[in-house]
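Me: I would like to learn how to read a structure feature by feature. Can you take me through one?

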Amino acid sequence: MTEHESPVEATDDVDAVTREVLTASRLLVAVSARSLAEVEERVTLPQFRMLVVLTRGATKLVTLADHLQVAPSTAMRMVDRLIAAGLAVRQVNPRNRRETLLQLTEEGRRTVEHVTARRRSEIAGIVELLTPAQRLALVEALAAFNHAGAEPPAPAPDLVRGHPPGWSMDLPAAHDV
């Protein structure tokens, strides 16, 4: 927002809003990177994305690759690294023994929970610096933004499972595969 613009004029300016959203996205990427820093020797950001998707349940490689928008061969290499790190396993699909399903290990689940808790904590620290009126405005603005982008709400902190944030497509649960 420039000095001569009122807040109402600035919010009606698509470029001004886009600039603020881009700035906020940089902040959120930095928060995400810091939350992952503790485990980054074992897990890259793309591998972490895969772990988050796997929190939904066991799935086939092709479904996982499609969901992450990567080639199946790329997804396979990522899975191999996660298996080597003890964060994921392959198992035979009990409904179709010719298929293999990918699933998180308990260590993989703990890794996702730990990184997500760190991210949530850092974001909460930033939100606490806002006034109650700013928090309300932020909630309303982000809810509208998320709705416009077709992004479902992030799970409550006490929910371990749920829709992984950042992916709006439904991933079939293990019993659907």
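Reply: Start with accessibility. Buried means under 20% relative accessible area, exposed means over 50%, and partly exposed lies in between (1.4 Å probe, protein chains only). This is a predicted model, so local features need a pLDDT of at least 70, side-chain atom pairs count only at pLDDT 80 or more, and totals for chains, interfaces and linings use all residues. Residues are numbered from 1 along each chain as its sequence is written, and side-chain values use heavy atoms, with hydrogens and water left out.

Me: What share of the chain's residues is buried?

Reply: Of the 177 residues in the chain, 27% are buried.

Me: Is Q69 buried or exposed?

Reply: Q69 is exposed, because its relative accessibility is 71%. Its backbone deserves a look too. Q69 is not a glycine, yet its phi is positive, at about 60°. Q69 sits in the loop between α4 (61–68) and α5. A150 is another non-glycine residue with a positive phi, near 60°. A150 lies in the segment after α7 (132–148). With a relative accessible area of 52%, A150 is exposed.

Me: How do I read a helix? What is the span of α6?

Reply: Compare its span with the expected one, which is 1.5 Å times one less than its number of residues. Helix α6 (residues 106–127) has 22 residues. From first C-alpha to last it reaches 31 Å, close to the expected 32 Å.

Me: Which residues of α6 are buried, and where do they lie around the helix?

Reply: An α-helix has 3.6 residues a turn, so residues three or four places apart point the same way. In α6 the buried residues are G108, R109, T111, V112 and V115. Seen down the axis, they fall within an arc of 160° (taken from the directions from the helix axis to the C-beta atoms), so they line one face of α6.

Me: What do those buried residues pack against?

Reply: Contact means heavy atoms within 4.5 Å. The buried residues of α6 pack against α2 (14–36), α3 (45–54) and β3 (96–104). Take V115, which lies in α6. V115 counts as buried because its relative accessibility is 0%. Setting aside neighbours within four places in sequence, V115 contacts S35, L36, V39 and F48. V115 and E38 are 77 residues apart in sequence, but 8.2 Å apart in space, C-alpha to C-alpha. Across the chain, take the contacts with a separation of 6 or more: 56% join residues 24 or more positions apart.

Me: Now the sheet. In what order do the strands lie?

Reply: Strands of a sheet pair through backbone hydrogen bonds, either parallel or antiparallel. Two strands count as paired if DSSP finds at least two bridges between them. Here three strands form an open sheet, ordered β1-β3-β2, with antiparallel pairing. β1 (59–60) and β2 (88–93) are the edge strands, each pairing on one side only. Helix α5 (residues 72–84) packs on the sheet and touches β2 and β3. The direction of α5 makes about 110° with that of β2. Such axes are lines fitted to C-alpha atoms, for helices over the stretch in contact, and angles run from 0 to 180 degrees between N-to-C directions.

Me: How many bridges join β2 and β3?

Reply: Six, in the antiparallel sense. R90 has L102 in β3 as its bridge partner. A hairpin joins β2 to β3 through two residues. N93 stands opposite N96 in β3. β1 and β3 pair over two bridges, also antiparallel. There K60 partners L101 of β3.

Me: What is the mean pLDDT of the chain?

Reply: pLDDT is the predictor's confidence in each residue, from 0 to 100. The chain's mean is 84, and 81% of its residues reach 70 or more. Over residues 159–165 the pLDDT is below 50, and this stretch has 18 contacts in the model beyond near neighbours in sequence. Residues 167–177 are also below 50, with 32 such contacts. Where pLDDT is low, the predicted coordinates should not be read in detail.

Methods: Helices (H or I, at least four residues) and strands (E, at least two) are DSSP runs, numbered from the N terminus.
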